[in-house]
Amino acid sequence: MVGRLLIVITAIAVSCGGAGSPLAPATSASAVAASSAPTATPVTTPAQAATPAPTARPIAAVLERIDLAKLNDHMTALASFGSRDVRHPSHAKAVAYLKEQLGVIPGIVMQSHRAAYNGIPLENIFAIVDPLTPPGPTGWVMICAHYDSISNRSPGWNPATSAAPGADDNGTGTAALLEYARLLAQERASLKQRVVLAFFDGEELFFKGSAAYLGSLPEPKPYAAVINIDMVGFNPLADRLDLIWYTNGSAGLRDRMIAANDRYQIGVSPLMPQLATSGATILDAAPFGLAGIPSVAVVQRYGENDATFPGNYTFHTVNDTADKITNKRLWLKATKLTLATALELAR
């Protein structure tokens, strides 16, 4: 099964036309502007560096700095555009919003990776947080979320005209990445590895954006770990998260996240590891995990409903609106768990 899925992912990467690594080492806006990678479209960022903490904050202290109000503001803004479907005109509003929000955070570098699928343009947006000492070419840590949306479960759906607010799927994960950018820019002095915050496009078309980016990477692949956060704001029954993993190469990262939940007393319960056994697992961690990069996805539920999850019947519909994000406690816990694990790896 894994062999067949790898063939599918390779074909997807080729069809998307990704070429060349878009994340050349860079620590300033001027360095980004000098990049000549053919698929990278640099975005200007403030030249001044963020003021790092004089000493490394304990990870538990960093987690307490996550601002739920900021998360909610970002999610609400993303959902307000009406649709982020790649075929909808309002998709451009989401791109502009992400670049605007990232552009005012000093100490990070923005880059874009452009691809296409069946003539549909895709734009992956990256916020790069480097340690104060230039990082090596490998050992990078990625946290990713898709920012596109879809409403193909609504009757009469038209991708170019229908609403697809995507508050839970995946405004919650995208908002978390924006909050990570703010916090990690202040923690650069404590980092030993590059952290890449990847806002992927085209996930709703079966992870086309992330697969195209994976296909653009040189060998050896620069990433030591990929953590994907996707749909984490709904569950009226329990503060449940599923950890989706792909091969035995991801088992160590899976176990690290389980340990972090206990170590930092985050309180996700139950935290359920699930081995993805088919290509139906449409999550951006999938192409990386199946390519042998340790990868996990954090999601409120991926599978059948049970006693700890009643089912979210609004996702992929016009009703996935901001008011449906009713378990903000779970959202905050998912945000903490992902950041805690990434910080452990990057430090």
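Reader: How many helices and strands does the chain have?

Author: The chain has ten helices and eight strands. Helices (H or I, at least four residues) and strands (E, at least two) are DSSP runs, numbered from the N terminus. This is a predicted model, in which local features need pLDDT of at least 70 and side-chain atom pairs count only at pLDDT 80 or more, while totals for chains, interfaces and linings use all residues. Residues are numbered from 1 along each chain as its sequence is written, and side-chain values use heavy atoms, with hydrogens and water left out.

Reader: What share of the residues of the chain counts as buried?

Author: Buried means under 20% relative accessible area, exposed over 50%, and partly exposed in between (1.4 Å probe, protein chains only). Of the 347 residues, 59% count as buried. As for contacts, meaning heavy atoms within 4.5 Å, residues 24 or more positions apart account for 84% of those with a separation of 6 or more.

Reader: Which residues of the largest nonpolar core touch the most other members?

Author: In soluble globular proteins, nonpolar side chains tend to be buried together. A nonpolar core is a set of buried Ala, Val, Leu, Ile, Met, Phe, Trp, Tyr and Cys residues joined through side-chain atoms within 4.5 Å. Here the largest such core has 66 residues, and Leu102, Tyr180, Leu197, Phe199, Leu241 and Leu339 touch the most other members. Leaving aside neighbours within four places in sequence, Leu102 is in contact with Ile108, Met110, Ile125, Ala127, Leu178, Ala181 and Phe199. Another core, of 14 residues, lies apart from the largest one; among its members are Ala198, Phe200, Leu214 and Phe288.

Reader: At roughly what angle do the axes of α4 and α5 cross?

Author: Axes are lines fitted to C-alpha atoms, for helices over the stretch in contact, and angles run from 0 to 180 degrees between N-to-C directions. Angles under 35 degrees count as roughly parallel, over 145 as roughly antiparallel, 65 to 115 as roughly perpendicular and the rest as oblique. The axes of α4 (residues 68-80) and α5 (residues 91-103) come within 10 Å and cross at roughly 155°. The two helices are therefore roughly antiparallel. On the α4 side the contact is made by Asp73, His74, Ala77 and Leu78, and on the α5 side by Tyr97, Leu98 and Gln101.

Reader: Is α5 roughly parallel or roughly antiparallel to α6?

Author: The axes of α5 and α6 (residues 167-184) come within 10 Å and cross at roughly 20°, which makes α5 roughly parallel to α6. Tyr97, Leu98, Gln101 and Leu102 of α5 meet Thr174, Leu178 and Ala181 of α6 in this contact.

Reader: Is Phe207 buried or exposed?

Author: Phe207 is buried, with a relative accessible area of 3%. Its phi is near 45°, a positive value in a residue other than glycine. Phe206 likewise has a positive phi, of about 80°, but at 26% relative accessibility Phe206 counts as partly exposed. Phe206 is found in the loop between β4 (195-200) and α7 (208-216), and Phe207 is also placed between β4 and α7.
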